[in-house]
Amino acid sequence: MQIQKKLALLLAALMVLPMLASCASGDAETQTADTAPADTAPVETEMTKATTPDTLPDGLDFGGEPIRIIQGKSSEHDDEIYVEEDTGEALCSAIYARQTAVEERLNVKIDNIIHEKEASEPAQTAITAGVDDYDIVLGAQWKMMKQSTMGLYMNVYDMPYLDLDQPWWNQIFLQNSALGENRAYYLCGDATISMLRAMGVIFVNATVYTNAIDTIDSLYETVLAGDWTLDLMHQTTETVYQDTNGNGVGDAGDIFGYASHKISQCDYLVGGARMVFTEYDDAGLPRLTINNERSIGLYEKIYKLLNENKGTFILPASWEGELEGIDMMKEDKLLFLPFRAGMTSYLRDMESDYAVLPAPKYDEAQSEYSTMVHDASRVLAVPVTNSKLDATGAFLEAFGAESYRKVTDVYFNTILKEKLARDQYVAEIFDIILGGVYFDFAVLHSYALDSIGQIFRDPNGTFASRYQSKEKGYLTKLDELIETYMGE
C-alpha cells in the first residue's frame, strides 16, 4: 500500500491509499433488544479508486453542450480522449465507460476534433484571431509549453470547478510548471494517459544478457538493490559487444550493448540522473541551477557512452532509426535500448524474453531511481477565447476523476504489467519507474527557454563551454517567461 500512496502523490493519481471509514450503528445505550443489531462492532467500508469522490456538486446540467477538444493526429494517442465504440478490448472499454459516465453526468457531448497538425498550431491560429473554436487543447508538452509567453491559455487555478488538490491531477507537474502563487496554464495526470506511455525506461534483451553476463534475474537483483548506475551500464555495454561477422568493424552485423541516437534518447539518461535544472527562490520564481559539477560529470558520462564505447551503436536520429533499435532487440543483436514505456507494444512478437528497467542512476550516491517523461507526452490547456468556462471546468474535473477511477489502472496494470510482462519482476519494476517520475520547470518550458532542456543532447566539447555560450539567452528567455506568467 505504501507504493500506491507514493504513486498518487507523484503521478497525479495513479494509485490511492485505501482509507477506512467507520459507520457507527447508533448509541448502544439507547437501543432496545428489538432494535439492537446482533453484531454491534463497527462496520468498516473500504474506499477504493473506483469509489473515490470528487467535489463537483450534484445536479450539474449543461443542456447537451458540446465540449470541443482539439488534438493532433497520432497513431499512439488518438484514443486518449475518446473512442467511437466499445470494442471489448480492456483499455477501449475503460475509455468508453469514462466518456459515457462524464457525458451522462454533466449532460455534455464530447466533440473530439482530430487535426492533421499538432493541436498547438491550429489552436494558436484561432486564439490569436480571437476565434472561439475550441474549448480544450490537448497537445504535445514541448510544443504547448513553448507557447507559454504568448498568453493563449487560461490560468488553470482560475477555472471554475477544478479541484487541483485531487489525486487525478499530477501534483509534481503542477508544482514544477507553476510560477508564484497558483499560476499555471497546463494540466496533466490521469486525464492524459500519454504520460504513462512516455515514461523513459531501458529495455533489456534477456537472451543477450544471459549469453554474455549472467541470468537476467541477477540484473534485476542489482536494480532492486539500488546498484544500477550509468557506470555499470557503460561497462556492461562494452563487455557485451561481439564482432560476430569478424570484419573488425562495428557494424549492423555485430551484437551491441547499447543503441540510441544522440537526440531525444539522451534525455532518458538525464532523467535517470535526476538532473535539477531549476530551483525556486523565496518568491516562488525559478532560477537556473544546472551549471554545476554534477552536470559536468553527467555530460562526460553520456559523451563516453555515445562516442568512446565500442559496444554502442548510434542510430539515425529519426523514427525509422528508433525502429531500427527495436529490430536489433528482436534479432538478439542488442542488449540495452532506451525508449518510452509504451513502446512495449512493439515487442509483443519478440521471441526472446525482455526486461524493462528504470534509467540508471548517476552514481551509487543517488538515493532513488528517477524517470523523465518524454516531451511528446500531452498536456491540457483552456484557450482564453473559451466562452463556456463553467462547462469546461466541470468537464475537466469529471474527466480527470473518471480517468482515475476507470482508465489508469487498466492501462498500467493490464496493458503494461500483465499483457506485456514476461517475468515476475515487471510489476515491481514499473512501480519504481512510475514512482520516480519528476518534472523540472526549465525542462517543461525548454522550447520557450532557448532549448535548455536539450543541453545534454549530442555531447561534444565540455558542458561548461556549451552552457557559457548560451547562458545569456537562457537567462533572457527565463526573465521573459516569468514576466508573462506573472502578468507584468
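Which loop holds Tyr346? Select that residue and you land in the loop between β11 and β12 (354-358). Before moving on, a word on what is on screen. This is a predicted model, in which local features need pLDDT of at least 70 and side-chain atom pairs count only at pLDDT 80 or more, while totals for chains, interfaces and linings use all residues. Residues are numbered from 1 along each chain as its sequence is written, and side-chain values use heavy atoms, with hydrogens and water left out.

**The whole chain**

Zoom out and colour by secondary structure: the chain has 17 helices and 13 strands. Helices (H or I, at least four residues) and strands (E, at least two) are DSSP runs, numbered from the N terminus. Of the 488 residues, 54% count as buried. Buried means under 20% relative accessible area, exposed means over 50%, and partly exposed lies in between (1.4 Å probe, protein chains only). Take the contacts (heavy atoms within 4.5 Å) between residues at least 6 apart in sequence: 77% of them join residues at least 24 apart.

**Stop 1: Tyr346 and helix α12**

Back to Tyr346, which is partly exposed with a relative accessible area of 30%. Show its neighbours: leaving out residues up to four places away in sequence, Tyr346 touches Trp319, Leu323, Ile326 and Lys330. Now select residues 319-330, which make up helix α12. Its 12 residues, at 1.5 Å a residue, should span 16 Å, and the end C-alpha atoms are 17 Å apart, which agrees. (The expected span is 1.5 Å times one less than the number of residues.)

Which residues of α12 are buried? They are Gly321, Glu322, Gly325, Ile326, Met328 and Met329. Look down the axis of α12 and the buried residues fall within an arc of 160°, so they line one face of the helix. That arc is taken from the directions from the helix axis to the C-beta atoms. Covering these buried residues are elements including β6 (200-205), β7 (256-260), α10 (265-272), β10 (312-314) and β11 (334-340). Just after α12, click Asp332, which takes a positive phi of about 60°.

**Stop 2: helix α3**

Next, select residues 120-128 for helix α3, where Ser120, Pro122, Ala123, Ala126 and Ile127 are buried. Viewed down the axis of α3, these buried residues stay within an arc of 165°, so they line one face of the helix. Thr125 and Thr128 are exposed on the other side of α3. The buried residues of α3 pack against β3 (65-72), β4 (108-115), β5 (136-140) and α4 (141-144). Following α3 is Gly130, whose phi is positive, near 75°.

**Stop 3: two loop residues**

Most residues other than glycine have a negative phi. Select Arg274, in the loop between α10 and β8 (278-280): its phi is positive, near 50°. Arg274 counts as partly exposed, at 36% relative accessibility. Then try Ser451, in the loop between α16 (441-444) and α17 (463-486). Phi of Ser451 is positive too, near 60°, and the residue is partly exposed at 26% relative accessible area.

**Last stop: the largest cavity**

Select Gln141, Met372, Val373, Asp375 and Val443, the closest to the centre of the largest cavity among its 14 lining residues. The lining divides into 6 nonpolar, 4 polar and 4 charged residues.

Definitions and conventions:
1 Å grid on protein atoms, 1.4 Å probe; cavity = no way out; pocket = protein on both sides within 12 Å on 5 of 7 lines; lining within 4 Å. Nonpolar A, V, L, I, M, F, W, Y, C, P; charged D, E, K, R; others polar.
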